[in-house]
Amino acid sequence: MASIDAQLRQLAPRKVSEDDKLVEYDALLLDRFLDILQDLHGEDIRETVQESYELSAEYEGKHDLQKLEDLGRVLTSLDAGDSIVVAKAFSNMLNLANLAEEVQIAYRRRVKLKKGDFADEASATTESDIEETVKRLVMQLKKSPEEVFDALKNQTVDLVFTAHPTQSVRRSLLQKHGRIRNCLTQLYAKDITPDDKQELDEALQREIQAAFRTDEIRRSPPTPQDEMRAGMSYFHETIWKGVPKFLRRVDTALKNLGINERVPYNAPLIQFSSWMGGDRDGMVFLKWRSILEHILLHLFVSS
């Protein structure tokens, strides 16, 4: 059977180009995952997953109903236990494909920044870095560097954290996905040594297996404390590093425009708010309604 890399190029020739890293990222993750799947559940399950994958891709590309019927026969022939494993395998493959796409988008963005080339000029201000944005304000909108600096000092972006009901991914799984993303990024670094590559590849396999063996579903409703911990994880894993880096880049961009003054500390460009702690699916409302009903029932019985 052809490698996953070759299959991807054959099944989606118009969606990815030869120099697109997405093929390499996706191929590596899928190959590693299928090896792990075979080690844990046997060669038969691996072949079933690969066959289902191929039939699905062929049906999506050609809309051949025969392929859909063949896929149905493969899946309905499975017993309950194997069906669960196959469904979990495809769920993990989708997660890995999303991680590969995220890394590929970051790679493509870095290439564009180096070349100064943006395919869509309308979205250039969101794709470009901070210095590119302030330069456009000065060069194209004819704003003075002082006007840009004054505008930054007098505006604040308030990022509000919320326990959204659609964000059901467990925090432990998000952390494993983050480590997979980091391994994948480092594996394709230009200056990586063979020893480093081998160690990263082994780490990648460990993290993929750990993610596959982690239950994706919450077995109990999240408490307000769970929501708080989930929100704080973004601070620990992203914001502590991301915000200072962003502020330093703002200062650098302003300095390159001729502004030698830093943005004052009492004029924060970013601040954070939160309404977590009970808003998931109306949890607080339901709890208080239950308490109120209990009190009213007690009063009526007592009287």
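User: Which residue forms a salt bridge with Asp 35, and how far apart are the closest N and O atoms?
Analyst: Bearing in mind that this is a predicted model, Asp 35 pairs with Arg 46, and their closest N and O atoms are 2.6 Å apart. The pair links distant parts of the chain, with Asp 35 in helix H2 and Arg 46 in helix H3, 11 residues apart.

User: And is Arg 46 buried or exposed?
Analyst: Arg 46 counts as buried because its relative accessibility is 14%, under the 20% cut-off, whereas Asp 35, at 34%, counts as partly exposed.

User: What does Leu 37 touch?
Analyst: Setting aside residues up to four places away in sequence, Leu 37 touches Arg 46 as well as Gly 42, Ile 45, Val 49, Val 85, Ala 89 and Phe 212.

User: Which residues touch the most other members of the largest nonpolar core?
Analyst: That core has 31 residues, and those touching the most other members are Leu 29, Phe 33, Leu 37, Val 49, Ile 180, Leu 204 and Ile 208. Helices H2, H3, H5, H9 and H10 each supply at least two residues of this core, and a second, separate core of 12 residues includes Val 134 and Ala 253.

User: Switching to Glu 207, where is it found, and what is it in contact with?
Analyst: Glu 207 is found in helix H10 and is buried, with a relative accessible area of 16%. Leaving aside neighbours within four places in sequence, Glu 207 is in contact with Lys 176, Arg 179 and Ile 180; of these, Lys 176 and Ile 180 are among the buried residues of H9.

Conventions
Residues numbered from 1 in each chain as written. Predicted model: local features only at pLDDT ≥ 70, side-chain atom pairs only at ≥ 80, totals over all residues. Heavy atoms only, no water. Core = buried A, V, L, I, M, F, W, Y, C linked by side-chain atoms within 4.5 Å. Buried < 20%, exposed > 50% of the residue type's maximum accessible area, 1.4 Å probe, protein only. Helix = DSSP H or I, 4+ residues; strand = E, 2+ residues; numbered from the N terminus. Contact = heavy atoms within 4.5 Å. Salt bridge = Lys/Arg side-chain N within 4 Å of Asp/Glu carboxyl O.
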